[in-house]
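Good morning, colleagues. I shall take you through one structure, beginning with the strands and ending with the segment at the end of the chain.

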Amino acid sequence: MRHIISILIENESGALSRVAGLFSARGYNIESLTVAPTEDPSLSRMTLVTSGNANVVDQITKQLNKLIDVVKLVDLVEASHIERELMMVKVKADEQSRNEIRSLADIFRGKIIDVTNKTYIIEITGTSEKLDAFVATLNPDHIVEVVRSGATGICRGDHGLHV
């Protein structure tokens with residue numbers, strides 16, 4: 001099962017490598033990882049996506065909580081949450097395919113953010129499944145490059161991950 005673990009971590013050098021090291025030492029895989037500062041400059045919010053059964057994820061969260069840099073964490077899948085991922089796709093856009101590509105971008109609520117005489121760069125946000133579906137609709141021969149941010153998420157309602 002896929003899990004999105006959101007972690008408040010001290011904004012210090014080496015904190016990210018300690019978390020990544022914990023995963024690699026135990027043979028766990030990180031599917032995606034995003035880190036950015038929070039409203040408190042001493043803390044960063046790390047969002048990582050991993051897969052495993054309940055026992056594996058329980059072990060991961062226990063081990064993460066033992067790290068001195070970790071202030072607080074939550075598995076977002078356990079509560080109502082919103083998740084988003086950003087993707088930019090560069091596609092070949094010749095005269096014959098421009099209208100079709102523009103229509104696909106519109107259907108998926110994407111934005112064309114760069115245009116050259118041979119390519120478009122399309123920006124799309126949404127769940128990982130939505131982004132996968134968009135890529136699947138494109139002609140594979142037209143795809144030049146795909147860049148994805150990895151999932152990030154937030155709990156719904158008045159619950160929040162804060163100190």
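Let me begin with a term: two strands are said to pair if DSSP finds at least two bridges between them. Helices (H or I, at least four residues) and strands (E, at least two) are DSSP runs, numbered from the N terminus. The model is a predicted one, in which local features need pLDDT of at least 70 and side-chain atom pairs count only at pLDDT 80 or more, while totals for chains, interfaces and linings use all residues. Residues are numbered from 1 along each chain as its sequence is written, and side-chain values use heavy atoms, with hydrogens and water left out.

I turn to strand 1. Which strands does strand 1 join? Strand 1 is joined to strand 3, residues 43–51, by 9 bridges, and the two run antiparallel. A further 5 bridges join strand 1 to strand 4, residues 70–75, again in the antiparallel sense. S6 illustrates both pairings: S6 stands opposite T47 in strand 3, and the bridge partner of S6 in strand 4 is V74.

Accessibility comes next. A residue is called buried under 20% relative accessible area, exposed over 50%, and partly exposed in between, with a 1.4 Å probe and protein chains only. Strand 1, residues 2–10, is largely enclosed by the rest of the structure, because 7 of its 9 residues are buried.

Next, a residue of strand 2. S32 lies in that strand, which covers residues 32–37, and S32 counts as buried because its relative accessibility is 16%. Contact here means heavy atoms within 4.5 Å. Leaving aside neighbours within four places in sequence, S32 is in contact with T47, L48, V49, G150 and A151. With A151 there is also a polar contact, that is, a pair of N or O atoms within 3.5 Å; within protein, one must be able to donate a hydrogen and the other to accept it, and residues adjacent in sequence count only if both atoms are side-chain atoms. In this case a polar atom of the S32 side chain lies 3.4 Å from the backbone nitrogen of A151.

Now the nonpolar cores. A nonpolar core is a set of buried Ala, Val, Leu, Ile, Met, Phe, Trp, Tyr and Cys residues joined through side-chain atoms within 4.5 Å. The largest has 15 residues, of which I5, I7, V19, F23, L48 and L64 touch the most other members. At least two residues of this core come from each of strand 1, helix 1 (15–25), strand 3, helix 2 (54–66) and strand 4. Helix 1 supplies the largest share, 4 residues. A second, separate core has 14 residues, including I101, L104, F108 and I122.

How many aromatic pairs does a search of the whole structure find? The search finds 2. Rings of Phe, Tyr and Trp (its six-membered ring) pair if their centres lie within 6.5 Å; planes under 30 degrees apart count as stacked, over 60 as edge-to-face and the rest as tilted. F23 and Y28 form an edge-to-face pair, at 6.2 Å centre to centre and 75 degrees between the planes. F23 counts as buried because its relative accessibility is 1%, whereas Y28 is partly exposed at 22%. F108 and F134 form an edge-to-face pair too, at 5.2 Å and 70 degrees. This pair links distant parts of the chain, 26 residues apart: F108 is in the loop between helix 3 (98–107) and strand 6 (111–115), and F134 is in helix 4, residues 128–137. F108 is buried at 15% relative accessible area, and F134 is buried at 0%.

Strand 7, residues 119–126, is largely enclosed by the rest of the structure, since 6 of its 8 residues are buried. Strand 5, residues 81–92, pairs with strand 7 in the antiparallel sense over 8 bridges, with L86 opposite T125. Strand 6 and strand 7 are also antiparallel, over 4 bridges, and a hairpin joins them through 3 residues. Within that pairing, D114 has I121 as its bridge partner in strand 7.

Finally, L161 is in the segment after strand 9 (152–155) and is buried, with a relative accessible area of 12%. Beyond four places in sequence, L161 touches S6, I7, L8, R45, K72, L73 and V74. By contrast, the C-alpha atoms of L161 and T137, 24 residues apart along the chain, are separated by 36 Å.
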